[in-house]
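Open the model in your viewer and keep the selection tool ready. The tour goes from one stop to the next, and each stop tells you what to select.

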Amino acid sequence: MVNFDFTEEQLMIKQAAREFAEKELAKGAAGRDEKELFPHEEIKKMAELGFMGMMVPAEQGGAGLDTISYILALEEISRVDASAGVIMSVNNSLVCWGLEKFGSDFQKDKYLKPLASGKMLGAFCLSEPEAGSDAANQRTTAVKSDGTYVLNGTKNFITNGANADVLIVMATTDKAKGPRGVSAFIVEKKFPGVVVSRKEHKLGIRSSDTAQITFQDCKVPEGNRIGDEGFGFRFAMMTLDGGRIGIAAQAIGIANAAIDASMKYVKERKAFDKLLYEFQAIQFKLADMHTNIEAAHLLTLNAGLRKDRGERFTKEAAMAKLFASKVAVDAALDAIQIHGGYGYLKDFPVERYLRDAKITEIYEGTSEIQRLVIAREVLDHA
Ligand code: CAA
């Protein structure tokens, strides 16, 4: 039986994240969303609290915490501002984790330390115009020449893309080898040939930035390759396993926000001379929302616990993301229904929760890809 009694430290981290979110993120979240403003100052403060490199050891610039603390903090941040949540999730899970696990001493010193301490921001460049769910179909090339790799190609939907200082880039070094011919590189944004070619305007998480990045004869030193040539696809898949735990936590945060708003509203709003919560139709909705969120939370903690124990967690992370993202969308829809016409207005926060929730069913692997991963895992190990 899994024991989810949190340690004092984990509870302290959760509380610190909640207080920070309510004090620093809440007041501006709706306005930043409306105007598509990146939360520069807020992310700086999150870095000071250790939230940008939570699982990286202290000697490498991080907070030296476990995945459970990370989940609890990310849930709290996303409950108030899901855009800040994804910025944090990408830097922690998709950038710092891989560098800490597979980076060379040089790479850790030069890149991981500033990324984990939040002095720099990172992005993860896997998706391409023709490589979304089919991530192995990489067209970006990296050609070796005189101690450097020359990168050419286009990366799409890159979270943090416009604001990042450091990019983790997957590119093909040997097309004939398919996924085994993909390699991973650390590319500084300021390297000549890195161009932010497009900024996207989105339905939700609008104060996080999403960009297209083009590499035009961009020279990357050989020492910036992560692991061996051909390791890049497996590296990306392993990284995304952890990323999916982060997105599950983000989804739970949004679902919790939807339920908080609903609980408040049903105790204030009257219809037919009764407060809304007195109606069974409302009570049943709230009961389902609470049950689903609890289940999503437990699935996510289970994946995190396995990760912390060094066990394989590919299936558990996919299950957590698949379930939590659906719970977030359903909770946001229910919250709007509970609010009636008001739920459809910008005056109330629940419409933002729905817009923010939807992306959790798409990025870091769509729900269809999560099902594919789960099915492969259960069939392979049957
Ligand atoms: N851990 C370790 N290795 C793994 C792995 C995992 N979880 N998953 C796959 N691999 C390995 C395989 O074992 C295989 O290795 P060998 O060559 O040694 O046999 C290799 O990787 C190729 O794997 P597959 O044959 O399974 O590859 P595939 O082409 O069938 O694709 C897929 C698998 C699961 C569909 C994969 O393409 C995928 O996950 N697609 C979704 C991509 C995705 O999540 N994109 C998100 C973009 S990033 C983002 O959204 C971030 C953001 O900005 C918020």
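Buried area is the accessible area, taken with a 1.4 Å probe, that two parts lose on being put together, summed over both. This is a predicted model, in which local features need pLDDT of at least 70 and side-chain atom pairs count only at pLDDT 80 or more, while totals for chains, interfaces and linings use all residues. Residues are numbered from 1 along each chain as its sequence is written, and side-chain values use heavy atoms, with hydrogens and water left out.

**Stop one: the domains**

Colour three ranges: domain 1 (8-121), domain 2 (123-232) and domain 3 (234-380). These bounds come from an automatic or database domain assignment. Now keep domain 1 and domain 2 in view; their centres, taken over C-alpha atoms, are 22 Å apart.

How much area is buried between domain 1 and domain 2? The value is about 2200 Å², and carbon and sulfur atoms give 59% of it. Select Glu-36, Tyr-111 and Leu-121: they supply 28% of the area that domain 1 buries against domain 2, more than any other three residues. In terms of contact (heavy atoms within 4.5 Å), 27 residues of domain 1 meet 25 residues of domain 2.

A salt bridge here is a side-chain nitrogen of Lys or Arg within 4 Å of a carboxyl oxygen of Asp or Glu. The rule finds 2 salt bridges across the interface of domain 1 and domain 2.

Polar contacts can be looked at next. A polar contact is a pair of N or O atoms within 3.5 Å; within protein, one must be able to donate a hydrogen and the other to accept it, and residues adjacent in sequence count only if both atoms are side-chain atoms. Between domain 1 and domain 2 there are 12 residue pairs in polar contact, both residues being at pLDDT 80 or more.

Which helices of domain 1 supply at least two residues each to the side that touches domain 2? They are helix H1 (8-35), helix H4 (82-102) and helix H5 (105-116). H4 gives the most to that side, with 10 residues. Helices (H or I, at least four residues) and strands (E, at least two) are DSSP runs, numbered from the N terminus.

**Stop three: Ser-89 in helix H4**

Select Ser-89, which is found in helix H4. Is Ser-89 buried or exposed? Ser-89 is buried, because its relative accessible area is 0% and buried means under 20%, exposed over 50%, and partly exposed in between (1.4 Å probe, protein chains only). Leaving out residues up to four places away in sequence, Ser-89 touches Tyr-70, Leu-74, Leu-94, Gly-243, Gly-246 and Ile-247.

**Stop four: Pro-57 in a loop**

Move to the loop between helix H2 (40-48) and helix H3 (67-80), where Pro-57 is found. Pro-57 counts as partly exposed, at 23% relative accessibility. Show Gly-62, Gly-64 and Glu-100 as well: Pro-57 touches these, not counting residues up to four places away in sequence. Then draw a line from Pro-57 to Lys-113; they are 56 residues apart in sequence and 9.8 Å apart in space, C-alpha to C-alpha.

**Stop five: around strand E7**

Select Ile-205, in the loop between strand E6 (194-199) and strand E7 (210-221). Ile-205 is not a glycine, yet has a positive phi of about 35°. At 3% relative accessibility, Ile-205 counts as buried.

Go on to Thr-210, which is in strand E7 and is buried, with a relative accessible area of 9%. Its side chain makes a polar contact of 3.0 Å with the side chain of Lys-202.

Asp-217 also lies in strand E7. Its phi is near 50°, a positive value in a residue other than glycine. Asp-217 is exposed, with a relative accessible area of 54%.

**Last stop: the cysteines**

How many disulfides does a search of the whole structure find? The search finds 0, a disulfide being a pair of cysteine sulfur atoms within 2.5 Å. Select Cys-96: the nearest cysteine sulfur, that of Cys-125, is 15 Å away. Cys-96 counts as buried, at 0% relative accessibility. For Cys-125, the nearest cysteine sulfur is that of Cys-218, 11 Å away. Cys-125 also counts as buried, at 0% relative accessibility.
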